[in-house]
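Here is a brisk report on one model. Read it alongside the coordinates.

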Amino acid sequence: MSGGSDNKKSEPVAATNTQQAVTSPATVNNEEKGKQVVADTALDYHWCRDTRNGVLIWNPNPTQGETVTWQGGYKSDGNNRYADGNGTATWYLNGEYEQRDEGTYHNGVRDGVFVQYFPDGRVKHSRWVNGNQVE
């Protein structure tokens with residue numbers, strides 16, 4: 001990590017799915033170029049990048065047309081910013097509300113207890129370890 005890590009708050013902003021080559025969350029090393037999603041073989045299609053401030057969130061089941069808003073902190077490795085700590089990711093599909101996930105992220109991936117809210121009123125509780133659902 002270059003220069004250490006910083007924990008900062010970010011405002012809710014739109015993010016888009018990067019649709020790139022496959023790597024695991026732990027091996028990502030990408031250089032940001034402005035605020036646009038950049039084709040980069042180090043990022044895979046599971047990463048959604050916040051288009052305003054570059055915060056990355058891992059999506060275990062990406063769908064074409066998905067976007068996300070992130071409200072919470074982030075951690076930087078000197079090259080990228082990752083959702084980190086407690087926060088809320090609100091997912092949209094083709095601009096329409098799809099679900100809201102509240103819980104803890106670590107280095108951009110779900111890690112801990114999550115509550116998911118769906119448009120039909122359903123509420124789902126789950127537990128994640130390093131981006132993998134275990135309950």
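Asn53 sits in the loop that links β3 (47-50) to β4 (55-58). The model is predicted. Asn53 has a relative accessible area of 13%, under the 20% cut-off, so the residue counts as buried. Asn80 lies 27 residues away from Asn53 along the chain, and their C-alpha atoms are 10.0 Å apart.

β3 and β4 run antiparallel and are joined by 3 bridges. Across from Cys48 stands Ile57 of β4. In a regular strand, side chains alternate between the two faces of the sheet. In β3, Trp47 and Arg49 point one way, while Cys48 and Asp50 point the other way. All four of these β3 residues are buried.

Cys48 and Ile57 both belong to the largest nonpolar core. β4, β5 (66-76) and β6 (81-93) are the elements that each give two or more residues to this core. Another core lies apart from it, and Trp47 is among its residues.

| Core | Number of residues | Residues, among them |
|---|---|---|
| Largest nonpolar core | 12 residues | Cys48, Val55, Ile57, Trp70, Phe114, Trp128 |
| Another core | 6 residues | Leu43, Trp47, Leu56, Tyr82 |

Now the confidence. The protein chain has a mean pLDDT of 75, and 68% of its residues reach 70 or more. Over residues 1-41, pLDDT stays under 50. The model has 115 contacts beyond four places in sequence for that stretch. Where pLDDT is low, the predicted coordinates should not be read in detail.

Note on methods
Residues are numbered from 1 along each chain as its sequence is written. This is a predicted model: local features need pLDDT of at least 70, side-chain atom pairs count only at pLDDT 80 or more; totals for chains, interfaces and linings use all residues. Side-chain values use heavy atoms; hydrogens and water are left out. Helices (H or I, at least four residues) and strands (E, at least two) are DSSP runs, numbered from the N terminus. Buried means under 20% relative accessible area, exposed over 50%, partly exposed in between (1.4 Å probe, protein chains only). Two strands pair if DSSP finds at least two bridges between them. pLDDT is the predictor's confidence in each residue, from 0 to 100. Contact means heavy atoms within 4.5 Å. A nonpolar core is a set of buried Ala, Val, Leu, Ile, Met, Phe, Trp, Tyr and Cys residues joined through side-chain atoms within 4.5 Å.
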